[in-house]
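User: Please take a close look at one part of this model. I want the charged side chains first, then what surrounds them.

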Amino acid sequence: MFGDLLTVAEGADRADVELGAPGEAAGRDGDEVAFIADRVATGRAYRRNEQTQTVSRVEAPPAVAAAHGLPAGAEVYARARLVKEGEQPTHTLTSYYRPEHVEGTRLVDPTPGPAGRGGGFRVLYDAGYEIDHMKEELFARAPSPDEVKLLQLPPGEPVVELHRTTYTADDTVVEFAIGVHAASRFAWEYDFKVPDSAKDREGQQ
């Protein structure tokens, strides 16, 4: 199951906004990461400095250590991005990586903007870690005072927090990401098949 993530332009009807691709990249070999592809598809401008980032090597927070299967106190790379549309912040996204997966790659380069053609998933592929599947968890909550300031939220607006775990085919976790999205500026759409329980029972007979 994949979710499509899109930004909602000011004054736009969510139903009229074309969806971008799921996850960080519109495709491993695509020219645009998802939020840029969304803007291109809807005729909105994008400038490279609308994604700023900091990269640091930090002690893994508990949720990050658990996702990567690391012991307490282990270090990871944190690639923290703030994404804007014009002067309006839309969301933050911090990806956490094992150092042995990304050392020396563009994912630890703090230059503003995406990590090149195909985004972070292309960088991982080039390092020998092909993305196979991912899991996303979403939940709404009240923002912290720092998030209200950073995302320029109006009074009373909630945020939607995203936890994304990205795996290779052998279930190696190569990225754990935490995003914080201004609730009124995003919509998610999911499209997935429903298991046919009757067909499953027939196959067991």
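What is the relative accessibility of E75, and how does E75 count on that basis?

Analyst: E75 has 42% relative accessibility, so E75 counts as partly exposed.

Some ground rules come next. This is a predicted model, in which local features need pLDDT of at least 70 and side-chain atom pairs count only at pLDDT 80 or more, while totals for chains, interfaces and linings use all residues. Residues are numbered from 1 along each chain as its sequence is written, and side-chain values use heavy atoms, with hydrogens and water left out.

The average pLDDT (the predictor's confidence in each residue, from 0 to 100) is 79 for the protein chain, and 68% of the residues score at least 70. Residues 8-32 stay under 50. For that stretch the model has 69 contacts (heavy atoms within 4.5 Å) beyond four places in sequence. Where pLDDT is low, the predicted coordinates should not be read in detail.

Back to E75. Its partner in a salt bridge is R57, with the closest N and O atoms 2.9 Å apart. The pair links distant parts of the chain: R57 sits in strand β2 (residues 51-59), E75 in strand β3 (residues 75-85), and 18 residues separate them. A salt bridge here means a side-chain nitrogen of Lys or Arg within 4 Å of a carboxyl oxygen of Asp or Glu. Helices (H or I, at least four residues) and strands (E, at least two) are DSSP runs, numbered from the N terminus. R57 is also partly exposed, at a relative accessible area of 44%.

Two other pairs are worth a look. E147 bridges to R141, with 2.8 Å between the closest N and O atoms. E147 counts as buried, because its relative accessibility is 16%. R141 is partly exposed, at 24%. The other pair is R122 with D126, where the closest N and O atoms are 3.1 Å apart. Both lie in helix α4 (residues 119-126); they are 4 residues apart, so about one helical turn separates them.

Helix α4 has a buried side too. G119, G120, F121, V123 and L124 are buried there. The buried residues of α4 pack against β4 (88-97), α3 (99-102), β5 (133-141), β6 and β7. Just after α4, G128 takes a positive phi of about 100°.

In strand β6, look at R164. R164 counts as buried, because its relative accessibility is 3%. Its side chain makes a polar contact with the side chain of E175 at 2.7 Å. A polar contact is a pair of N or O atoms within 3.5 Å; within protein, one must be able to donate a hydrogen and the other to accept it, and residues adjacent in sequence count only if both atoms are side-chain atoms.

The side chain of S184 contacts the side chain of E157 at 2.7 Å. S184 and V159 are 25 residues apart along the chain, yet 8.4 Å separates their C-alpha atoms.

Two loop residues deserve a backbone check. Most residues other than glycine have a negative phi. Q152, not a glycine, has a positive phi of about 55°. It lies in the loop between α5 (145-151) and β6 (159-167), and is partly exposed at 44% relative accessibility. D171 also has a positive phi, near 70°. D171 is found in the loop between β6 and β7 (173-182) and is partly exposed at 49%.

L138, Y190, F192 and V194 make a nonpolar surface patch of about 380 Å². Patches are made of residues with over 30% relative accessible area and no salt bridge; like charges are joined within 9 Å, and nonpolar side chains (Val, Leu, Ile, Met, Phe, Trp, Tyr) within 5 Å. Accessible areas come from the Shrake-Rupley method with a 1.4 Å probe, and for residues only the protein chains shown count as cover. Y190 belongs to strand β8 (residues 186-191) and is partly exposed, with a relative accessible area of 31%.

Terms used. Buried < 20%, exposed > 50% of the residue type's maximum accessible area, 1.4 Å probe, protein only.
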